[in-house]
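The report below describes the fold shown here, going from its strands to its loops and its pocket. Please read it alongside the sequence and the coordinates.

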Amino acid sequence: MICFGDSLTEGVGAARGEDYPSALSRLIPYPVINAGRPGDTSADGLARLGEDVLARSPRLVILLFGGNDFLRQIPPAETRKNLDEMIRRIHESGAMVVVAAMRLGLFTDKYGPVYREVARKRGAFLIPEAIKG
């Protein structure tokens with residue numbers, strides 16, 4: 001299993017060993033790789049997908065991208081395109097995908113529908129508002 005994303009995946013701000021991939025690895029009897037990188041946008045994730053994910057032949061990949069896209073005001077359509085392509089390539093490799101969605105924005109959430117749409121289109125499992133609670 002590979003947890004692939006940005007600083008939320010890597011565990012910035014969490015105590016050592018308290019990032020979500022480490023916590024997950026304590027709950028399941030399978031290896032969990034933390035492939036989070038602070039500051040990454042969905043475009044950065046797409047660029048490193050081959051080396052950091054596909055080269056490791058995972059059975060399951062959890063994607064958690066979008067926060068930096070929001071902060072850098074990347075258009076939601078570009079984020080959608082990047083997530084869609086990541087999921088397509090992961091599925092082509094034979095792995096399953098979980099899309100971890102986040103609510104981005106205080107009053108409106110232009111990115112929320114992006115997660116739902118790509119997960120539905122590609123047949124990926126969706127965790128809505130993954131960081132809530």
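## The sheet and its central strands

Strands β1 and β3 run parallel and are joined by four bridges; strands here, like helices, are DSSP runs numbered from the N terminus, with strands (E) of at least two residues and helices (H or I) of at least four, and two strands pair if DSSP finds at least two bridges between them. The model is a predicted one, in which local features need pLDDT of at least 70 and side-chain atom pairs count only at pLDDT 80 or more, whereas totals for chains, interfaces and linings use all residues. Residues are numbered from 1 along each chain as its sequence is written, and side-chain values use heavy atoms, with hydrogens and water left out.

The pairing of β1 with β3 belongs to an open sheet of five strands, ordered β2-β1-β3-β4-β5 and paired in the parallel sense. Because β2 (33-36) and β5 (125-127) stand at the edges with a single partner strand each, one side of each has no neighbour in the sheet. From one strand to the next the twist averages 20 degrees, where axes are lines fitted to C-alpha atoms (for helices over the stretch in contact) and angles run from 0 to 180 degrees between N-to-C directions. Strands of a sheet pair through backbone hydrogen bonds, either parallel or antiparallel.

On one flank of β1, four bridges make the parallel pairing with β2; β3, in turn, is joined by four bridges to β4 (residues 96-100), again in parallel. The table lists bridge partners from these pairings.

| Residue | Partner and its strand |
|---|---|
| Ile 2 | Ile 33 in β2 |
| Phe 4 | Leu 63 in β3 |
| Val 61 | Val 97 in β4 |

In a regular strand the side chains alternate between the two faces of the sheet. In β1, Ile 2 and Phe 4 point one way while Cys 3 and Gly 5 point the other way, and all are buried, a term that means under 20% relative accessible area, as against over 50% for exposed and partly exposed in between (1.4 Å probe, protein chains only). In β3, Leu 60, Ile 62 and Leu 64 point one way and Val 61 and Leu 63 the other way, again all buried, so that five of the five residues of this strand are buried. Gly 36, which lies in β2, counts as buried because its relative accessibility is 15%. From C-alpha to C-alpha, Gly 36 and Gly 5 are 4.6 Å apart in space, although 31 residues separate them in sequence.

## An aromatic pair

How many aromatic pairs does a search of the whole structure find? The search finds one, under the criterion that rings of Phe, Tyr and Trp (its six-membered ring) have centres within 6.5 Å, with planes under 30 degrees apart counted as stacked, over 60 as edge-to-face and the rest as tilted. The rings of Phe 4 and Phe 65 have centres 5.0 Å apart and planes at 75 degrees, so the pair is edge-to-face. The pair links distant parts of the chain, 61 residues apart, with Phe 4 in β1 (residues 2-5) and Phe 65 in the loop between β3 and α4. Both Phe 4 and Phe 65 are buried.

## Two loop residues with positive phi

Ser 57, in the loop between α3 (42-52) and β3, has a positive phi of about 50 degrees although it is not a glycine. Ser 57 counts as exposed because its relative accessibility is 59%. Gln 73 lies in the loop between α4 (67-71) and α5 (76-92) and has a positive phi of about 55 degrees, although it is not a glycine either. At 70% relative accessibility, Gln 73 also counts as exposed.

## The largest pocket

The largest pocket holds about 250 Å³ of space. On a 1 Å grid over the protein atoms alone, a pocket is an open set of points with protein on both sides within 12 Å along at least five of seven lines, and lining residues have an atom within 4 Å of a point; grid points are joined across faces, edges and corners, and a volume is the space filled by probe spheres set on the points. The lining of the largest pocket has 12 residues, of which Leu 8, Tyr 20, Leu 64, Ala 130 and Ile 131 lie nearest the centre. Both α2 (20-27) and β3 (60-64) supply at least two residues of this lining, and the largest share, four residues, comes from α2. By class, 11 of the lining residues are nonpolar, one is polar and none is charged, where Ala, Val, Leu, Ile, Met, Phe, Trp, Tyr, Cys and Pro count as nonpolar, Asp, Glu, Lys and Arg as charged, and the others, Gly among them, as polar.

Notes: 1 Å grid on protein atoms, 1.4 Å probe; cavity = no way out; pocket = protein on both sides within 12 Å on 5 of 7 lines; lining within 4 Å.
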